[in-house]
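This briefing covers the inner spaces of one protein model and the contacts made by its aromatic rings. Please look over the sequence and the structure first.

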Amino acid sequence: MTGTMDLGGVIVATTLAFREDDSAPAGLAVDYDRFAEHVDFLMRNGCRGVGPNGSLGEYSSLTDDERRRVIQVAVEAVDGRGVVVAGAHGVGSHQARAWAELAREDGADGVLLLPPTLYRANEGEVIAHYEEVAKAGLPIMAYNNPFDTKVDLVPSLVAKLAEIPEVVAIKEFSGDVRRVYEIRELCDIDVIAGADDVLFELMVNGAVGWFAGYPNAFPKEAVELYDLCARGDWHEAKALYEQLVAVFRWDSRTEFVQAIKLSMDICGNSYGGPTRPPRGPLSAEQHAQVTADTERALAALAAR
């Protein structure tokens, strides 16, 4: 089963709630109930689906048991209302394929897949990685994050990955908005906006979906923004985007997990809370800036 995924819409790279527990890793246990409530909140606000176990979901700080349970909870909470695109990132293809197979077993609709993590793979190794994970039989959204992986899935490489039947989409996080055209000239693959602070520019250029971080805090407005872009209502979309882009920029910064969780707590609709190591708390200056950016966005939205 290769299948396809309808990726038009806002798929939220979900944050993961933790609660204090001295017996848990770093004194923080996964709060599955709060996570399920958050997924339900996103789906009720019109999101197309969720992407658990991404970097925003702190997958690399989870135990194997926690990581699997997160997918099961997400599938249960979505309850057929949309898609679950599970992070299947791994150091090697044997690990990533195992995560993809578990995701399939647990009801995910597809996987999000970085090139090998912790290793700067060459082009042949990247292609082999995707070919191996494709054997799990789920549709794959490749993920280009050259900042964290040190591997840049440039358009010519994306075209080679697109030859793998299971690779149906590319989450583009490089920030280079010119790439949408280049990729579409070379191959037939869904280009998905992967960085919140270039969402408008990528949609204008032909991205067909948004795999997003900040809709954890602003799901209703994010769906409205996406829908305006998808319809080609560019003036209205730009007016809304301008109210959100300052806070969206935190999605592309090192402390994006902490920032988005803080924004969630400020918005008050869903629980953000603490992060596990290696992520520590925001500095006082960062905390103040995220707070100001979030409150400015809320004030602008309220004044519409």
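In this predicted model, the largest cavity is lined by Asn53, Arg67, Arg68, Ile71, Ala86, Gly87, Trp99, Leu102, Ala103 and Asp106. Two or more of the lining residues come from each of α2, β5 (83-87) and α3.

**The cavity**

- The structure has one cavity of 30 Å³ or more.
- The space inside the largest cavity comes to about 60 Å³.
- Sorted by class, the lining of the largest cavity consists of five nonpolar, two polar and three charged residues.
- Two of the lining residues, Arg67 and Trp99, are also in contact as charge and ring: the charged end of Arg67 sits over the ring of Trp99, at 4.1 Å from its centre.

**The largest pocket**

- The volume of the largest pocket is about 790 Å³.
- Its lining is made up of 40 residues, and those nearest the centre of the pocket are Ser55, Tyr59, Asn145, Asp148 and Arg279.
- At least two lining residues come from each of α2 (64-78), α3 (93-105), α5 (146-149) and β10 (209-212).
- Helix α5 contributes the most to this lining, with three residues.
- The lining of the largest pocket holds 17 nonpolar residues, 15 polar residues and eight charged residues.

**Aromatic pairs**

- There are seven aromatic pairs in the structure.
- One of them joins Phe147 and Phe173 edge-to-face, with 6.1 Å between the centres and 80° between the planes.
- Phe147 belongs to helix α5, while Phe173 is in the loop between β8 (167-172) and α7 (179-186), so this pair ties together parts of the chain that are 26 residues apart in sequence.
- Phe147, at 47%, counts as partly exposed.
- Trp210, Tyr214, Phe218 and Phe248 are linked into a cluster by ring pairs.

**A further charge over a ring**

- Arg34 lies over the face of Tyr271, and the distance to the ring centre is 3.7 Å.

Terms used
Residues are numbered from 1 along each chain as its sequence is written. This is a predicted model: local features need pLDDT of at least 70, side-chain atom pairs count only at pLDDT 80 or more; totals for chains, interfaces and linings use all residues. Side-chain values use heavy atoms; hydrogens and water are left out. On a 1 Å grid over the protein atoms alone, a cavity is a set of points where a 1.4 Å probe fits but cannot get out, and a pocket is an open set with protein on both sides within 12 Å along at least five of seven lines; lining residues have an atom within 4 Å of a point. Grid points are joined across faces, edges and corners, and a volume is the space filled by probe spheres set on the points. Helices (H or I, at least four residues) and strands (E, at least two) are DSSP runs, numbered from the N terminus. Ala, Val, Leu, Ile, Met, Phe, Trp, Tyr, Cys and Pro count as nonpolar, Asp, Glu, Lys and Arg as charged, and the others, Gly among them, as polar. Rings of Phe, Tyr and Trp (its six-membered ring) pair if their centres lie within 6.5 Å; planes under 30 degrees apart count as stacked, over 60 as edge-to-face and the rest as tilted. Buried means under 20% relative accessible area, exposed over 50%, partly exposed in between (1.4 Å probe, protein chains only). A charge sits over a ring if NZ of Lys or CZ of Arg is within 6 Å of the ring centre and within 35 degrees of the ring normal.
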